[in-house]
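Biologist: Please show me the structure, and then I will ask about a few parts of it.

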Amino acid sequence: TRTLNETAKPRNRETAKPRGSLPASPRCQTRVDEDTAVVFGGLGLDGELNDVWEFRVAGANWTRLHAGAGAVETSTEADAAAVATANAAPSPRVGHAAVVLRGDLYVFGGYDSSRGHTNDVWAFARADGVWRQLASGAAPGAAPAPRSGASAMAPDPEGGTFVIFGGDGKDDVWAFDVDAEAWTMRQGESVAVTSGGARLRGARAATAAVGFATAAFFLANAS
């Protein structure tokens, strides 16, 4: 643990050489571009994680962008607001969905052993190393139900919308506007799912491919 004054900008940033200090595995990685991938959370030896790492193909280097909630501490009252901002982060989790839009990381849902399935949305500004929760006051029914294992895609990486599909045997499709911080349901759950059917259960290996195709179709045909 480091103090606020000891933490470089972006906060919690730390570069690791190849074969040196590396993120734990297994993890969920999200592609930024042809040279960069970002990893958030996942399962470590001691349970779920919520740190953020970036991998650069050129140089084969890992850089820790955020050490997770509670990584920065201070004993001075004047630093309280800055520390709260630096420490804000999604809870440790697995099975979340993530995309990159405009260079920043967006995370939806996942499983947290202390809370169960989640449906919160968080944005991570890679340049600043700061997390921010989005749409935290969404009413029930105005957002996807809590889940893990959903697929996510960004039809336009420079745009302002990402789409999630399924997870936990569901087959609904939702689009999230990161600027308006609002969800729009593109397709509700089918009768087979809502009545307890097993149309997608046991076929999770195909969820990502089906999800991407379904989400792209509904976005392309949305009014």
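Modeller: This is a predicted model, and the questions below take up a loop, a sheet and some aromatic rings.

Biologist: Is A67 buried, partly exposed or exposed?

Modeller: A67 lies in the loop between β6 (61–66) and β7 (72–73). Its relative accessibility is 27%. Buried needs under 20% and exposed needs over 50%, so A67 counts as partly exposed.

Biologist: Which residue in β11 stands opposite A123?

Modeller: Strand β10 covers residues 116–125 and runs antiparallel to β11, with 5 bridges joining them. The residue in β11 opposite A123 is R132.

Biologist: Is the pair of W122 and W131 stacked or edge-to-face?

Modeller: The ring centres of W122 and W131 are 6.3 Å apart, and the planes stand at 85°. Planes over 60 degrees apart count as edge-to-face. The pair of W122 and W131 is therefore edge-to-face.

Biologist: Is W183 buried or exposed?

Modeller: W183 belongs to an aromatic cluster with Y106, F108, F162, W174 and F176. The relative accessible area of W183 is 11%. Buried means under 20%, so W183 is buried.

How values were computed
Residues numbered from 1 in each chain as written. Predicted model: local features only at pLDDT ≥ 70, side-chain atom pairs only at ≥ 80, totals over all residues. Heavy atoms only, no water. Helix = DSSP H or I, 4+ residues; strand = E, 2+ residues; numbered from the N terminus. Buried < 20%, exposed > 50% of the residue type's maximum accessible area, 1.4 Å probe, protein only. Pairing = 2+ DSSP bridges. Phe/Tyr/Trp six-rings, centres within 6.5 Å; stacked < 30°, edge-to-face > 60°.
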